[in-house]
Structure formats: C-alpha cells, structure tokens
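Here is a short report on helix packing, an aromatic pair and a cavity.

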Amino acid sequence: MSVATMRAEFINPFVSAAYKVLAKEARATVEKGCLSVRASSFTSQEVTVLIGVVGQVQGIVMYGMSERTVKSLVSAMTGEPTPVFDKLAESAIAEMGNVITGIASMELENAGYASRIAPPSVVVGRGVIISTIDLERLVIPLHTQYGDIEINVALRENLNR
C-alpha cells in the first residue's frame with residue numbers, strides 16, 4: 001500500500017495524541033511541519049521508539065528524535081535535569097511513545113478499527129535499517145521548544161480479519 005492510499009483516519013489519531021501527550025507531560029508547544037513520504041529503511045534520527053500495531057490496522061509507528069531532544073523532553077517531563085542519555089531517559093521516551101500510541105489506538109478503535117499495540121522498543125543510532133517491507137512511511141514532523149520529533153506512520157488496513 002502506498003502512502004497515497006493510507007487513510008487519514010489512520011494518521012490523525014497519532015498527530016492528535018502526540019499534541020495531547022507532549023502538551024500535558026512536557027508542557028510543550030507543538031507545531032506540525034510539512035508531511036513527507038519516506039521509502040528508505042534507514043533511521044534518520046539518533047533515537048527511535050518503535051511500536052507495532054496489529055488488528056484491523058497493522059504496521060509500525062516510529063518516533064524519531066535527536067539525543068538532545070530526548071534529554072530536553074525527559075527533563076521537562078520529570079522536572080529533573082537529564083544531562084546524559086541513560087536507562088531512565090530511554091525508559092521515559094519509550095513510555096512517551098507508548099502513551100501516544102495507546103491513545104491513538106483508542107481513537108482508531110472509536111473509528112471502528114480495533115487494534116492493539118506491542119511494547120515499545122528503542123533503537124539508538126542514526127542509519128539503522130528498520131524495514132517496513134512493502135509499506136512506505138508517512139513522516140509527520142513536529143516542532144517543539146525541546147527539539148524536533150518525527151512521527152513515522154506505516155499502517156494499512158488488515159483485510160484478512
């Protein structure tokens with residue numbers, strides 16, 4: 001499935017959930033950038049949170065950002081300085097992705113697309129190969145005062161259910 005045929009109702013829940021979670025948990029001001037399509041399997045960010053989605057909608061959602069953005073977000077969420085990217089920062093950013101995806105999954109369910117999410121995984125390193133096989137990724141850049149976050153959505157309707 002190409003991004004051109006990816007339904008808006010699969011994308012919008014992730015954008016609205018990200019706005020809600022970032023505003024509430026990090027008091028972030030969020031602006032959405034220009035959408036793009038990425039067919040490449042390589043990560044473009046230093047830290048990427050991956051979460052699988054299964055059910056009537058299937059695929060993967062990735063939240064990519066710089067290590068500096070992770071540390072700034074975690075500092076804002078915890079109220080404590082985060083000078084290094086450590087296990088606490090990794091856990092906090094994974095949980096942020098988990099919460100955003102969980103809220104989006106509930107919105108998908110409300111729209112009639114029952115789905116479940118897998119536990120988050122964190123990949124550290126730019127240029128790591130994460131293949132979405134035959135799914136292109138729609139990239140939604142979000143700009144905050146803490147740095148930029150890229151939401152990569154590669155979802156399709158599961159017609160075999």
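The axes of H2 and H3 come within 10 Å and cross at roughly 80°. That makes H2 roughly perpendicular to H3, a label for angles of 65 to 115 degrees; under 35 counts as roughly parallel, over 145 as roughly antiparallel and the rest as oblique. Axes are lines fitted to C-alpha atoms, for helices over the stretch in contact, with angles from 0 to 180 degrees between N-to-C directions. Helices (H or I, at least four residues) and strands (E, at least two) are DSSP runs numbered from the N terminus.

This is a predicted model: local features need pLDDT of at least 70, side-chain atom pairs count only at pLDDT 80 or more, and totals for chains, interfaces and linings use all residues. Residues are numbered from 1 along each chain as its sequence is written, and side-chain values use heavy atoms, with hydrogens and water left out.

H1 (residues 8-26) also packs on H2 (residues 67-78): their axes come within 7 Å and cross at roughly 60°. That makes H1 oblique to H2. The table lists both contacts (heavy atoms within 4.5 Å).

| H2 and H3 | Val70, Leu73, Val74 and Met77 in H2 | Ala89, Ala92, Ile93 and Met96 in H3 |

The H2 contact with H3 has eight nonpolar, no polar and no charged residues. For H1 with H2, the classes are five nonpolar, no polar and one charged. Ala, Val, Leu, Ile, Met, Phe, Trp, Tyr, Cys and Pro count as nonpolar, Asp, Glu, Lys and Arg as charged, and the others, Gly among them, as polar.

There is one aromatic pair (ring centres within 6.5 Å; planes under 30 degrees apart are stacked, over 60 edge-to-face, the rest tilted). The rings of phenylalanine 10 and tyrosine 113 have centres 5.0 Å apart and planes at 90°, so the pair is edge-to-face. Phenylalanine 10 lies in helix H1 and tyrosine 113 in the loop between helix H3 (87-110) and strand E5 (115-117), so the pair ties together parts 103 residues apart in sequence.

The lining of the largest cavity divides into one nonpolar, six polar and three charged residues. A cavity is a set of points on a 1 Å grid over the protein atoms alone where a 1.4 Å probe fits but cannot get out; lining residues have an atom within 4 Å of a point. Among the lining residues are Arg38, Met62, Arg137 and Glu150.

Note on methods:
On a 1 Å grid over the protein atoms alone, a cavity is a set of points where a 1.4 Å probe fits but cannot get out, and a pocket is an open set with protein on both sides within 12 Å along at least five of seven lines; lining residues have an atom within 4 Å of a point. Rings of Phe, Tyr and Trp (its six-membered ring) pair if their centres lie within 6.5 Å; planes under 30 degrees apart count as stacked, over 60 as edge-to-face and the rest as tilted.
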